[in-house]
Amino acid sequence: MSITIRICLVLVSILVFVFMMRRIQKEKLLIADAVFWIIFSLCLLILSVFPQIVIFFADLLGFYSAANLVMVVGIFILLVKLFSMSLHISHTECQLRQTIEELAIAEKRIREMEGKLQDNPEK
């Protein structure tokens, strides 16, 4: 792995880590959501500092270069994360739709009760 790629990986790892910590401090990101990115950045940092790990697995799996393995694994991990987020968004949209329907039904009942109260005022 070339020194340029290693330096880029170290910089990206540090930037992602710092960015996630700032988002957690500003309460704009839940800790549970940030854990993935923190672990991801730490793994990149370890692999960039110790490229022998990547070189070993690249040779074992038959990759032409260690950089290709890093990119393929990175893309795969991000695709898995994207799929996970899509599932979460779909679940959240279903919950939101159900909540909106329940709210609409409750508002309709309130309006009906208010209409009955106006038609039949108690003395």
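Predicted model: local features only at pLDDT ≥ 70, side-chain atom pairs only at ≥ 80, totals over all residues.
## A first residue and the model

Leu-79 counts as exposed, because its relative accessibility is 51%, and the terms used here are set by cut-offs: buried means under 20% relative accessible area, exposed means over 50%, and partly exposed lies in between, with a 1.4 Å probe and protein chains only.

Residues are numbered from 1 along each chain as its sequence is written, and side-chain values use heavy atoms, with hydrogens and water left out.

## The chain as a whole

The secondary structure consists of four helices and zero strands, where helices (H or I, at least four residues) and strands (E, at least two) are DSSP runs numbered from the N terminus. Read from the N terminus, the order of the elements is α-α-α-α. The chain is more spread out than a compact globule, because its radius of gyration is 26 Å, well over the 14 Å that the globule rule gives for 123 residues; this radius is taken over C-alpha atoms, and the rule is 2.2 Å times the number of residues to the power 0.38. Along the principal axes, the C-alpha atoms fill a box of roughly 90 × 30 × 15 Å.

## Surface, contacts and charge

Of the 123 residues, 15% count as buried. The chain exposes about 10,100 Å², and carbon and sulfur atoms supply 69% of this area, with accessible areas coming from the Shrake-Rupley method with a 1.4 Å probe and, for residues, only the protein chains shown counting as cover. A contact means heavy atoms within 4.5 Å, and among contacts between residues at least 6 apart in sequence, 50% join residues at least 24 apart.

There are 12 positive and 11 negative side chains, and the centres of these two sets lie 8 Å apart. In this count Lys and Arg are positive and Asp and Glu are negative, while His and the chain ends are not counted; each charge is placed at NZ of Lys, CZ of Arg, CG of Asp or CD of Glu.

A search of the whole structure finds four aromatic pairs. One of them is formed by Phe-36 and Phe-40, whose ring centres are 6.0 Å apart and whose planes meet at 15 degrees, so the pair is stacked. For such pairs, the rings of Phe, Tyr and Trp (its six-membered ring) must have centres within 6.5 Å, and planes under 30 degrees apart count as stacked, over 60 as edge-to-face and the rest as tilted. Because Phe-36 and Phe-40 are four residues apart in helix H2 (residues 31-49), about one helical turn separates them. Phe-36 counts as partly exposed at 23% relative accessibility, whereas Phe-40 counts as buried at 18%. Phe-56 and Phe-57 also form an aromatic pair, which is edge-to-face, with 5.2 Å from centre to centre and 75 degrees between the planes. Phe-57 counts as partly exposed, with a relative accessibility of 40%. Phe-36, Trp-37 and Phe-40 form one aromatic cluster.

Helix H2 also holds Ser-41, which is buried with a relative accessible area of 1%. When residues up to four places away in sequence are not counted, Ser-41 touches Ser-13, Val-16 and Phe-17.

## Along helix H4 and after it

Ala-66 lies in helix H4 and is buried, since its relative accessible area is 9%. The C-alpha atoms of Ala-66 and Gln-98 are separated by 48 Å, and these residues are 32 apart along the chain. Gly-74 has its place in helix H4 (residues 66-119) and counts as buried at 14% relative accessibility. Gly-74 and Leu-44 are 30 residues apart in sequence, and from C-alpha to C-alpha they are 9.2 Å apart in space.

Asn-120 is found in the segment after H4 and counts as exposed, with 56% relative accessibility. Between the C-alpha atoms of Asn-120 and Leu-11 there is a separation of 73 Å, and the two residues are 109 apart along the chain.
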